[in-house]
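Please look through the sequence and the model before reading on. The paragraphs below walk along the chain and stop at a few places.

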Amino acid sequence: MAVVGRREKAQSLCKSRVVVAITIGILLGCVFALCFPSGFLSISNPAPILNRRFAKSIAQVGSSLCESSERINLLKSQFVAASEKNAELKKLVRELTEKIRLAEQRKDQAEKQVLVLGDQKKAGPFGTVKGLLTNPSVLPDESVNPRLAKILEKVAVNRELIVALANSNVKEMLEVWFANINRVGISNYLVVALDDEIARFCKLKNVPVYKRDPNKVIDSVARTGGNHAVSGLKFRVLREFLQLGYSVLLSDVDIVYLQNPFNYLYRDSDVESMTDGHNNMTAYGYNDVFDEPGMGWARYAHTMRIWVYNSGFFYIRPTIPSIELLDRVANRLSKEQAWDQAVFNEELFFPSHPGYDGLHASRRTMDFYLFMNSKVLFKTVRKDAKLSKLKPVIVHVNYHPDKYPRMLAIMDFYVNGKQDALKPFPDGSEW
């Protein structure tokens, strides 16, 4: 009986499992029917579906390429705009940096003025008050040019010397120039050789010489430049002399030395210069009345006139205003096609006005009979019995292009005593 019961129970369990399996199969069939109405593995017509998907993909790629091209163009335009803006900002930074430099320079100058003036003082009685004329010298900085500093230690006397720039184009005049300097007994002078030929020539003649270190801008002018071009270089070259703390009597080579000029300097100004003027009015200034009849009662306008300083012979002290003068002139000559003497005088004399800060440098005009230009000599002095007996300190042949023969004639007249040496030459120049 027990065995029969176990068989019936096993058969019942087997039937139940079959029913459950069938039920699960029916449920799964319903689920697949709902999810895949066209059949789970149906491949009756796959082409339209693939075509649609491919076309959609192509459209998306084309759209992406178009958007990318537009994006690139936009980025390019933004980059160009940013570059232009960056250039403008760089220019602005440079301008602001220059303004800061000039402001600091003026501040430094003001501080030095305060040191010289000391404590504030009350004004004295009428007629006894005088303003500051002599600016303080800069602190020497030998690191600027150690080689030049050693040369100047040997050549300079009382920290001052005569300096001339020369290239091989002015070799003849240079020889007359230093021959007369040596004859007068001046030892503190130096030739700045602008080419190797002049350097060798000076060494051969035992003339103190200094050959600058190579500089592309300066050297190109120095080798081939004429008188005016070389003259413009001096404002760059002289800066180092002043930074080293030396006063310089700058001299062109078309000058005949008859006495020692250091015995006739006042040394009370930043710049002490000879003049291109030929009498008291033109040399030292005068009131020039301008007449404009159409103005009626106010027809006469008073103006001040003075003939320019000669940039080929001037004494310059190592002060802040003096160095600023050299910087201003050199900067303008690097940008403008201008005559260095005109720029030199504009920077010295033009006052401050809207948009322009004038140079606050003190100046003195040399005695035009002692520091004589060739117009004074050939037009006036040689024809006057009294004036022709005066012995000038120097004669500068600046008004005449036939410089060398006139220099020799001046030597004959003043040194060798030949009274008719100057007669063959006309007052002016023959074109």
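Helices, as the word is used here, are DSSP runs of H or I with at least four residues, numbered from the N terminus. The model is a predicted one, and a helix to begin with is α2, which covers residues 47-117 and contains Leu89. Together with Leu92 and Leu96, Leu89 makes a nonpolar surface patch of about 260 Å². Leu89 has a relative accessible area of 43% and is therefore partly exposed, since that class lies between the limits of under 20% for buried and over 50% for exposed.

Past this helix, the loop between α2 and α3 (146-155) holds Pro136, which counts as partly exposed because its relative accessibility is 23%. Although Pro136 and Pro318 are 182 residues apart in sequence, their C-alpha atoms are 8.3 Å apart in space.

Further along, Ile198 sits in helix α5, residues 196-204, and with a relative accessible area of 0% it is buried. Leaving aside residues up to four places away in sequence, Ile198 touches Ala166, Asn167, Ser168, Lys171, Leu174, Val191 and Ala193. Lys211 lies 13 residues from Ile198 along the chain, and 9.1 Å separates the C-alpha atoms of the two.

The last stop is helix α9, whose 16 residues (320-335) should span 22 Å at 1.5 Å a residue, and the 23 Å between its end C-alpha atoms agrees with this.

Note on methods:
Residues are numbered from 1 along each chain as its sequence is written. This is a predicted model: local features need pLDDT of at least 70, side-chain atom pairs count only at pLDDT 80 or more; totals for chains, interfaces and linings use all residues. Side-chain values use heavy atoms; hydrogens and water are left out. Patches are made of residues with over 30% relative accessible area and no salt bridge: like charges are joined within 9 Å, nonpolar side chains (Val, Leu, Ile, Met, Phe, Trp, Tyr) within 5 Å. Accessible areas come from the Shrake-Rupley method with a 1.4 Å probe; for residues, only the protein chains shown count as cover. A salt bridge is a side-chain nitrogen of Lys or Arg within 4 Å of a carboxyl oxygen of Asp or Glu. Helices (H or I, at least four residues) and strands (E, at least two) are DSSP runs, numbered from the N terminus. Buried means under 20% relative accessible area, exposed over 50%, partly exposed in between (1.4 Å probe, protein chains only). The expected span of a helix is 1.5 Å times one less than its number of residues. Contact means heavy atoms within 4.5 Å.
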